[in-house]
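Please keep both topics in mind while you study the picture.

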Amino acid sequence: MSTVSGETPDPEPQPFVAQRWLLPSAVVKELDPDGERPGRRHRRTARDWLVDFSCFLTAVCFGLLTADGLEQEHLPEAVAALDQVLGALACAAVWLRRRWPLGLAVAMIPVGLLSITASGAILVAVFTLAVHRPFRYVAWVSGIALALSPLFYWLRPDPDIPYVWTLIIGVVLNGAVVGWGMFVRSKRQLMLSLRDRAQRAETEAQLRAEQAQRLAREAIAREMHDVLAHRLTLLSVHAGALEFRPGAPEEEIARAAGVIRESAHEALQDLREIIGVLRAGDRDDNSRPQPTLGALESLVAESREAGMKVALENRVTDPAAVPASVGRTAYRIAQEGLTNARKHAPGTEVTVLVTGAPGDGLDVLVRNPAPEREVPHVPGSGQGLIGLTERATLTGGRLAHGPTAGGGFEVRAWLPWG
């Protein structure tokens, strides 16, 4: 992905939502909240229909098994008929368990006191409550049901199983159903937490990409300022000379016109390279040549050809041994210092001093005296120095600039050279 193109990648489809028929509708609702229709619930998925039918079948089977034992209890016909009717209604109510899990579980408490054939539906209701609601609701409903179970089994004891064992079986069965439901709920919460973590990771990655894009654009803007300002000031100086000296010798006019043409050509070339970086995206710094400390003499020679007085003193014995990033920063500092001197102190002699050694660091000094006459204010002054200060800080160095005692100006920088 390009960090400077400004384009936002299309969001990739979520794999969980794409296979929604394999997931419960409650999970699909959390994974795809935008897919919910206003005023209507999510449709049951294929898995929901299969699970609901299995729960209904389980409740019916429990009801049929317990209905066979009603004859052994020798209950009145009205009581036995009421038991079976309540059991059938409880089994039918299983289909409403997803919409009202808490209400169904609470309604099953009095039903469980009157109907033994509703035991299967009661277990399904408790399981549904454990899946869809927090544990406190399950604890209250299960606690009330277990507290009433001794009364139910005392009124309607099982002829084949002792009373104590009946209570133990009921407690174990209810605990197993609650534990199973809580396990299912924890799996769903784990899935949703992993989804949220993945979304946060994608958001953080996008923020990092945007930050990298912003930093890249700032670096390109500084590069554009450093390069083009130097070229355009050369154009301005020679154009001004031609304007104020229309009667100059032909050789000087031809020389100034040649410098203007060459500077314009180089400015367009530099601008073309920078725009190419913007179009091509984030590329390695080695994809195009970068100036280093070794190119400092060429920079000074170019300024001298433009008519500047520059005194260069490079005390670094081996400029090629200077790290590329440090040398490039030193070059930009000297370039910006010469550009500022050309704009704010034309005609003065600029001193460029570079000293340093491995372990001591690299010192760069660009100084110019006060101009001989008043110079008009140049709009936008100071922006390049701000960028240079930032550039020096990023390399681990420091940069200071300001007026000197005699009214001149100097830029002094120290860069680390390990």
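The model shown here is predicted. Rolling a probe the size of a water molecule over the atoms shows where empty space is left. A search of the whole structure finds 1 cavity of 30 Å³ or more, and about 40 Å³ of space lies in the largest cavity. The residues that line this largest cavity are Gly337, Asn340, Ala341, Val366, Asn368, Phe409 and Val411. Sorted by class, the lining holds 4 nonpolar and 3 polar residues, while charged residues are absent from it. At least two residues of the lining come from each of helix H12, strand S3 and strand S5, and H12 gives the most, with 3 residues.

On the surface, a nonpolar patch is formed by Leu151, Trp154, Leu155, Ile161, Tyr163, Val164, Trp165, Ile168, Ile169 and Val172, which together have about 1000 Å² of accessible area. Helix H8 and helix H9 each supply at least two residues of this patch, with H9 giving the most, namely 6 residues. One of the patch residues, Val164, lies in helix H9; Val164 counts as exposed because its relative accessible area is 53%, and the cut-off for exposed is over 50%.

The table lists the elements named above with the residues they span.

| Element | Residue range | Feature it contributes to |
|---|---|---|
| Helix H12 | 324–344 | lining of the largest cavity |
| Strand S3 | 361–368 | lining of the largest cavity |
| Strand S5 | 409–415 | lining of the largest cavity |
| Helix H8 | 135–155 | nonpolar patch |
| Helix H9 | 163–244 | nonpolar patch |

Note on methods:
Residues numbered from 1 in each chain as written. Predicted model: local features only at pLDDT ≥ 70, side-chain atom pairs only at ≥ 80, totals over all residues. Heavy atoms only, no water. 1 Å grid on protein atoms, 1.4 Å probe; cavity = no way out; pocket = protein on both sides within 12 Å on 5 of 7 lines; lining within 4 Å. Points joined across faces, edges and corners; volume = space filled by probe spheres on them. Helix = DSSP H or I, 4+ residues; strand = E, 2+ residues; numbered from the N terminus. Nonpolar A, V, L, I, M, F, W, Y, C, P; charged D, E, K, R; others polar. Patch = residues over 30% accessible without salt bridge, like charges linked within 9 Å, V, L, I, M, F, W, Y side chains within 5 Å. Areas by Shrake-Rupley, 256 points an atom, 1.4 Å probe, with all protein chains shown as cover. Salt bridge = Lys/Arg side-chain N within 4 Å of Asp/Glu carboxyl O. Buried < 20%, exposed > 50% of the residue type's maximum accessible area, 1.4 Å probe, protein only.
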